[in-house]
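Please read these notes with the model open beside you. Take the points in order and find each residue as you go.

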Amino acid sequence: MKLGGAASLLGACLAGLTACHEQPPPMASPRAPEKAAAMVGEPAAASGVLAPACTAANWDARALPPLLAAGKEPQRAEPERGGASQLLFDADCSDSPNGPSQSSSATTTVDGVEVRLTRAAAAGTTGRGWSGNQCSFELRAADGSGAPVVLGPDLVPPFNPITALVRSGSAVWLSVGFNGYAREFPAGGNRVIAADLCSGRVVWSSANATSNGGLLLLGDYLISPYGFTSEPRFVYVLNSHTGSVVQKLPIVENVCPSESWRPHWHPGERCDAPGQRVGAATNPRISGNLLYIDTNTGSSTFAFREP
């Protein structure tokens, strides 16, 4: 090319700057699969990255045979495991002689479930004259999948913090309860609530006085002890899909002492009073192919029935 021709071309470029550059290709439209994914519960995060996929649990009702029989002789092998027992937001939600206080954090994570205290409103006093709050909570998967589950005043009675939480996939079971005699808490409590973290819904809620000592999930069964000092003690075997009661068995101490009480016990001493008159009902666990439920100082054992 001659110098004059090059100069003419350069002048043309300077006159119309963009004419000498390649134009960017048109923006591609969003792909249909990504749009569909967002519509079924995978909202885009602030960074633009889709949240993890979420699969709702199978809550279909199913008939379950009895699981337990009272006794100390194992009937079948069962892997050893411990139950869940957590006390969350007790200072905010329980009654207290000095009234409620405030937790150091309004959010905690248990087994991949983010639990947030969303409300703590004054609820007056209990039957023993202690003041406290009525709390509301929000649950969601800690990885950001699914949808939040709201547990409001219609589900959580006054003076009831969260006392235990277990999880299987997107299915969550938790107990809310008070630490006292049932007659002191006329609005009730000590109940189990089942929720799905994928669909963001509450699936079922048990009756009052069903759980205050931990939870143990065994496939389709949820084991929940209940009892307080000088009140009858029972272990509930619940259908984890529906909340229906499969079994309700009395907790009568037949092991003395419990493992926790052993350091304080001396040979020849009695542990608890006979029958069900004294003691709590806590710490469900499987050991030596038996289910153990602790009382204040001893334990009650149950065998797993043959299928």
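1. In which loop is the place of P257? P257 sits in the loop between β14 (245-250) and β15 (282-287). Strands here are DSSP runs of E with at least two residues, helices are runs of H or I with at least four, and both are numbered from the N terminus. The peptide bond from C256 to P257 is cis, with omega near -5°. For background, most peptide bonds are trans.

2. A word on the source. This is a predicted model: local features need pLDDT of at least 70, side-chain atom pairs count only at pLDDT 80 or more, and totals for chains, interfaces and linings use all residues. Residues are numbered from 1 along each chain as its sequence is written, and side-chain values use heavy atoms, with hydrogens and water left out.

3. Check confidence before details. pLDDT is the predictor's confidence in each residue, from 0 to 100. The chain averages 85, and 82% of the residues score at least 70. Over residues 1-45, however, pLDDT stays under 50. For that stretch the model has 15 contacts beyond four places in sequence. A contact means heavy atoms within 4.5 Å. Where pLDDT is low, the predicted coordinates should not be read in detail.

4. Now the overall build. The chain has 3 helices and 17 strands. Of its 307 residues, 42% are buried. Buried means under 20% relative accessible area, exposed means over 50%, and partly exposed lies in between (1.4 Å probe, protein chains only). Take the contacts between residues at least 6 apart in sequence: 58% of them join residues at least 24 apart. The accessible surface comes to about 15,600 Å², and 56% of that belongs to carbon and sulfur atoms. These areas come from the Shrake-Rupley method with a 1.4 Å probe; for residues, only the protein chains shown count as cover.

5. Next, the largest pocket. Its volume is about 330 Å³. It is lined by 21 residues, and L87, D90, F178, N179 and F228 are the closest to its centre. By class, the lining has 8 nonpolar, 10 polar and 3 charged residues. A pocket is an open set of points on a 1 Å grid over the protein atoms alone, where a 1.4 Å probe fits, with protein on both sides within 12 Å along at least five of seven lines; lining residues have an atom within 4 Å of a point.

6. Most residues other than glycine have a negative phi. F89 has a positive phi of about 60°. F89 is in the loop between β2 (81-82) and α3 (90-93). F159 also has a positive phi, near 70°. F159 is in the loop between β6 (149-151) and β7 (162-168). Are they buried or exposed? F89 is buried, at 6% relative accessible area. F159 counts as buried too, at 8%.

7. Then F137, in strand β5 (residues 131-141). F137 counts as buried because its relative accessibility is 1%. Its C-alpha is 4.7 Å from that of L117, a residue 20 places away along the chain. Beyond four places in sequence, the contacts of F137 include F89, C93, V149, V156 and I162.

8. S85 lies in the loop between β2 and α3. S85 is exposed, because its relative accessible area is 57%. Leaving aside neighbours within four places in sequence, S85 is in contact with T163, A164 and G214. The C-alpha atoms of S85 and V166 are 8.9 Å apart, although 81 residues separate the two along the chain.

9. Finish with A280, in the loop between β14 and β15. A280 is buried, because its relative accessible area is 17%. A280 and I251 are 29 residues apart in sequence and 9.6 Å apart in space, C-alpha to C-alpha.

Key. Points joined across faces, edges and corners; volume = space filled by probe spheres on them. Nonpolar A, V, L, I, M, F, W, Y, C, P; charged D, E, K, R; others polar.
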